[in-house]
Amino acid sequence: MGRYFAIRIGRAALTIVLVVTFAFVVLRLSGDPALMILGPEAPPEVLAAFRKAWGLDDPIWFQYLDYFGAIARGELGRSMRDGRPAIELVLERIPATLALTLPAFVFKVALGIPAGIYAALHRGSGIDRAVMMTAVAGFTVPSFVLALVLVLVFAVQLGWLPSGGQDSWRHAILPIATLSLGGAAVLARFTRSAMLEVLGQPYIRTASAKGVPWRKVVTSHALPNAAIPTVTILGFMVGTLMAGAVVVESVFAWPGVGRLLVVAVANRDLAVVQCILLLVAMTMVTSNLVVDFLYGFLDPRLRSKGAHA
Amino acid sequence: MTDATLKDTKAFSSDVDSVSRKENASRLGSSVRRRISLPAIPVSVALAISWIVAMLVIAAFAEKIAPYGFTQLDLRNRLSAPGNAAHWLGTDELGRDVLSRLLVSIRISLLIAFGATAISAMVGTTLGFLAAHFRGLVEQLVLMLSDFQASMPFLIMALAVLAFFGNSLPLLIGLMGLFGWERYARIARGLAISANAQGYAVAVRQLGATPSRIYLRHILPNIASTLIVSTTLVFPEVILTESGLSFLGLGVQPPMTSLGNMVGYGREYLTRAPWIMLAPATTIVVTTLAVSVIGDWLRDRLDPTLQ
Amino acid sequence: MPPLVSIRDLRVAFNGVPVLRGVDIVLQRGEALGLVGESGSGKSVTWLAALGLLPRHAHVTGSVQLEGREILGAPAAELDHVRGGRIAMIFQDPASALNPVLTIRKQLCEALALHRDLQGSAVKTEARRLLELVGIPDAARRLEAYPHEFSGGQIQRIMIAMALAGNPDLLIADEPTTALDATIQAQILELLSTVRRELGIAMVLISHDLGVVAENCDRVAVMYAGRIVEDAPSNQLFADPVHPYAQGLIGALPPLDGPRRRLTAIPGTVPDPAQMPSGCAFAPRCALAAEPCGLAAPSLAPIANDRSVACIRAEASRRALLGIAAE
Amino acid sequence: MSKLTRRTILTSGGAAAGTLLLPRFAIAQGDNRPSVTIAVQKVTNANVLDVLREQSNVGERVFFSSIWEGLISKNWRGNLEAVPGLATEWHRIDDQTVEVKLRQGVKFHNGDELTAEDVVFTFSRERMFGETEAKSRSTIQAFEKIPTPRPGKELPPDVPAVARRIWPDLVRVDAVDKYTVRFYNATPDVTIEGRLSRYGSDIMNRRAWEESASYLDWARKPITTGPYRVVELKPDVSLTLEAHDEYWGGRPPLKRIRFLEVPEVASRINGLLSGEYQFACDIPPDQIAGIEKNAAFEVQGGTILNHRLTVFDKNHAVLANPLVRRAFTHAIDRQAIVDSLWAGRTRVPKGLQWEFYGDMFNADWNVPAYDPKLAQDLLKQAGYKGDPIPYRLLNNYYTNQVATAQILVEMWKSVGLNVQIETKENWSQIMERAPTRAVRDWSNSAAFNDPVSSLVAQHGPNGQQQQIGEWTNVELNKLSEFLETSTDRAARRKAFHRMLEIAEREDPAYTVLHQNATFTAKPKSIKWKAAPAFAMDFRAGNFEA
């Protein structure tokens, strides 16, 4: 088990290095931060001064080594826009993002999983069809369309809720609703399909055949098995908690990490982008580790396999 | 195998080879039964199939059936409402015929969605199988790539492609193909590992079947249902992601058009000229619905565990 | 005293396609019945239907009585009591028949808790006893193991232990050895026979392996396309099959001793349930088919005290088998 | 602020868009002035409030006239002509020296009185120029070495560079007495007053600078003389200002102003309609009709000191022939673009110049006429065979950019020009030197009332177009030099006319499409007048609710 986790952590570290390197190359080679931060009308000598100050004239490999050297010393760099430490910029955005994505995650799970289970247990019924139609519609409507429609109805027409901004908990309702609906739909569909898969397995028949009441067959035989694939998709969802709300943050003027990422990428503000990527990659890698751990917990077959993987 | 069994005689042999039949008799038995007893195609599935066929036909002949050139402007006739004789679905912010643009968009979007889904399914499944087969270093490499893919915001990937290679359609398809492959890889790997551990694959291997034959003929059919469901999830996601990219200005670029692009640019006109966005958005929803209906139906047909 | 189980005119249709087309079976206490037929002939479906284990979309009609009490369509609670408690089932494909995420102890004790009035440590003791009974060594430790840690044969033993947990009157073994190696097959069959005899329970052995059935059962019912076509004591059926299909099956069986001879195969394939021939389902493949065979499906009719057959050409077929000229 | 917003929501709760109640504003103890929230696409680009760091249109909106003031101001309620600001009068000592009399009794946000000392410090090395030197010639050369700012309260590297671009020849600023200062230039220059009025020459408080721990601390909360003082800048989120009651121009009419970053157009409009925002800025022209359908709202605004251009690379194989570039300029029906995409709410200007140039404005000059026939002839003369000409395009960096580009491509196509759009993601990709660089978009602003700030600054020898190697012209370069150094106003005017002929007709470097415009939506119940600029004037007399 120890060796298994050593491999996992080594892989995670390599993944993060890969992410950071890839982003470095892409961002450095695809655009000049000076021009993007100072604008297309900035005089040439102003651009030159900016480039020089930030070392943008140095050879790319030099900049790369420099960057990793700094990371090794625990410095994550500064934003080229206002010179503030990048980590500071990112950290001050995290609470805002989590204020949307965490409740949304809870709602997705609370809505999607029961709906999926219910639909699977009543396969082919009217309710099943209705749930699945809603689910398909739910994840096909682009989130910005859904967001705009919610705003038109609940903010502009009914005046019940604010249309954007971050001043109170009421401002969070529509963004959370937007995020939850699409995600719940995906989760419902996935859960239903996982549940159907499990319900068709011979061991479910075995359980019924030995006289286990149906309710108990579902709760103690089907659900633990259906949880295994569902945990995978939940892991993905956890991984996107950090920067997965770009569109919703834009529509609702919500100052989260996603919006910061878009702005930072547009400005080629490398240090900030890398900070966010590190955060996202670490969340993703951690959630993968947790998922693996949960697999072991949920699926005894993998528990023994993990030891020699 | 005792000689005194009936099952190896011709009387009971079917077109399936007897070894896997032995290991998997009931599954194959029921699938044989299924092949024999084709249940009638339900109405919803028939409707879904006809919709997809219609979309394919439109995609094939988009420019022939479009009443106008899709870039043809008419600045004096901007944002005209649908339902007039000249423009059934109205015109957009440049006075272009929304119907003509919709038809061409269907072609582009289907191309992207089918192309990308196929690429991600093939790449993902292959890598998943490779990981499951070789284990060790190969597996770690595949898993690392998949971690990388999952950790890298798609925005950056899209940016990389747009920045380095310009915005050509094949590249965009390739890019979208990269989207979601890791999910297939994980599913394929997981399922292949557990299938490998199950009796039938072991037995087939002992009989000397080549690995590719084992994966393609024996493991793939057994995990097909899960993969198909994933496909029906990835397909709409590709269309949606493309529209999300259009939202950020990184998707299909003008003068080219796509469903996502129409929705992305049309969002500013949601109150002023909703028809610009409504037609493509409806197309996306209905097409996805059709894909899901067909996917569910196929899943049930292919899934040997459901009777 | 009513028979243990009495099934009358049991019919099952999936999505309007009939797969069981009127099955009648009577089973006495302690009796061992073999049910043979090709895949898809309805052997398993008969018992799954009887116990209400078919999916929702299966349409089931007819009558299934347990000691005179109708159980078809009985309330869920009553059915749950019958399943495992009165009638236990074991299945083929041991790899997937046990829940992979639960320990053997959990799955075994679940059955014990449901059907036996056992409390606390008694449950575990009984579970251990059952495992030992079916021949799992080191039972106490193995109780905590998961299904994937056992071999196929061991799983089937555990399945038998689980089936016995409820002290049933009838054990239905649905192709219990199909997925096992030959040596293991023999051991499992041996085990089944032993427990059946020692505990005095009735058994239905579903198989397409005539040899297995011949050795282990008192009586054999041959199924074809959703019907029983011949029902006879084992020795009589093997010595003297009447239905042309049964003859085909026996004819395809290589003799255990004696010179090797060419096996006779039954030409053709099983008909599509959705497109059943109007008369006898076997007629298209039957060498003896005559014009009336296509008119109406023959019903199971007694030809002797303890055997019946569903064939209007039964006499002719018997003579054909015995080598006597038809006329 | 959250209290305010909540209350605003409550008052508008249940009101349908058509019958929206008047926005009610927060009322504090004894202070019954309203507060407003202004939804903008971007608060600042550089995340600081330094006029030398944030040199953008969006910066102009939050800076002027609320925070920063110069010695000479622009008339924001008129036509941007020069008016007394922190200076009450100014006059020439000679061609190189201007003396300025400061307004007395001006109070900074920290209570200090404005004195000559603050003005001198504003134009000091420490604040502005770092180690750069006045060059004794007109503009500094692009790419000359700008020394790295010294450590300590370090200036961002671009600040001295920007400062020298604004004041290339400023040798020193002297305090004559407490309320009088003199500006000494190294060379004769007719534009000193213009430079005093431009974006970047605004006055700051010396003590506040010295008390700040770092440049960033200061730049996020600069102490200036404007009617509103900075409460808080949340980068990329919001900027909150509050009234500076000792403002020399009278008590500000608003208690608080909050600029809120709302990137989506639809969200800005929705928030306006639902009463959360009192102003929604950066409204695309196509949305105007939709907003004004609602009788309670109106859209204000119009042209700004910025022209949209199409820029040519004369090194491109096809465009090397000026006839082809001329064909481009004559194939564009500029008025059609203004009428359709801009709802007629901007105009086609008279080339790259603005009326506020005063006597430097060439009223008889015009953009090339729309003449498809002529364009076709020119192409025939040029022997153009229909080779594809790439058009590098950004995704709506400018309002209506993509739509305009698609219209242009169709217009060019109709005269036989085969122009292919190539979408790029950022400016360096647009400007990248390559054989595929041919046509691109740009816009030019006028920082002050002289062509030196536009045509010379952008297309002259040190301008960006020449520096990135797109275009050059020997005669125009000589004229640029002349324009920068001459004090002969009549000769300068003639030289400028000749430059327009070269850059817009004979050897086109660019062609002007239309003047840019910006639009702001608000409830009609708020009496407020938009400036012909991004700047938003919230001083006494320009706001009433």
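Across the interface of chain C and chain A, 2 salt bridges are found, a salt bridge being a side-chain nitrogen of Lys or Arg within 4 Å of a carboxyl oxygen of Asp or Glu. The side chains of A:K216 and C:E110 meet in a salt bridge, at 3.7 Å from N to O. The model is predicted: local features need pLDDT of at least 70, side-chain atom pairs count only at pLDDT 80 or more, and totals for chains, interfaces and linings use all residues. Residues are numbered from 1 along each chain as its sequence is written, chains are lettered from A and ligands numbered from 1 in the order in which they are written, and side-chain values use heavy atoms, with hydrogens and water left out.

The interface of chain C and chain A also holds 9 residue pairs in polar contact, both residues being at pLDDT 80 or more. A polar contact is a pair of N or O atoms within 3.5 Å; within protein, one must be able to donate a hydrogen and the other to accept it, and residues adjacent in sequence count only if both atoms are side-chain atoms. On the side of chain C that touches chain A, two or more residues each come from α2 (76-85), β6 (87-90), α3 (94-97), α4 (104-115) and α7 (152-165) of chain C. Here helices (H or I, at least four residues) and strands (E, at least two) are DSSP runs, numbered from the N terminus. The largest share of this side, 5 residues, is given by α4(C). By class, the side of chain C that touches chain A has 15 nonpolar, 6 polar and 4 charged residues. In this scheme Ala, Val, Leu, Ile, Met, Phe, Trp, Tyr, Cys and Pro count as nonpolar, Asp, Glu, Lys and Arg as charged, and the others, Gly among them, as polar.

The size of an interface is often given as the accessible area lost when the parts come together. The table gives the buried area (accessible area, 1.4 Å probe, that two parts lose on being put together, summed over both) and the residues in contact (heavy atoms within 4.5 Å).

| Chains | Residues in contact | Buried area | On carbon and sulfur atoms |
|---|---|---|---|
| Chain C and chain A | 25 residues of chain C, 25 residues of chain A | about 2100 Å² | 59% |
| Chain A and chain D | 55 residues of chain A, 65 residues of chain D | about 4400 Å² | 54% |

Between chain A and chain D there are 6 salt bridges. In one salt bridge, the side chains of A:E45 and D:R165 meet at 2.6 Å, N to O. The count of residue pairs in polar contact between chain A and chain D is 21, with both residues at pLDDT 80 or more. At least two residues each are supplied to the side of chain A that touches chain D by several helices, including α2 (33-38), α3 (44-53), α5 (86-121) and α8 (169-199) of chain A. Helix α3(A) gives the most to this side, with 10 residues. The side of chain A that touches chain D divides into 30 nonpolar, 11 polar and 14 charged residues.

**Cavities**

Rolling a probe the size of a water molecule over the atoms shows where empty space is left. There are 9 cavities of 30 Å³ or more. A cavity is a set of points, on a 1 Å grid over the protein atoms alone, where a 1.4 Å probe fits but cannot get out; lining residues have an atom within 4 Å of a point. Grid points are joined across faces, edges and corners, and a volume is the space filled by probe spheres set on the points.

The largest cavity holds about 1500 Å³ of space. Its lining has 48 residues, and A:T240, A:G244, B:F179, B:E237 and B:T241 lie nearest its centre. Helix α10 (residues 211-247) of chain B gives the most to the lining of the largest cavity, with 6 residues. The lining has 29 nonpolar, 15 polar and 4 charged residues.

**Chain A and local features**

Chain A has 14 helices and 0 strands. The C-alpha atoms of chain A fill a box of roughly 85 × 60 × 30 Å along the principal axes. In the loop between α11 and α12 of chain A lies A:A253, where phi is near 50°, a positive value in a residue other than glycine.

In chain D, the peptide bond from D:F64 to D:S65 is cis, with omega near 0°. D:S65 is in the loop between α2 (57-63) and β2 (72-74) of chain D.

Technical notes: 1 Å grid on protein atoms, 1.4 Å probe; cavity = no way out; pocket = protein on both sides within 12 Å on 5 of 7 lines; lining within 4 Å.
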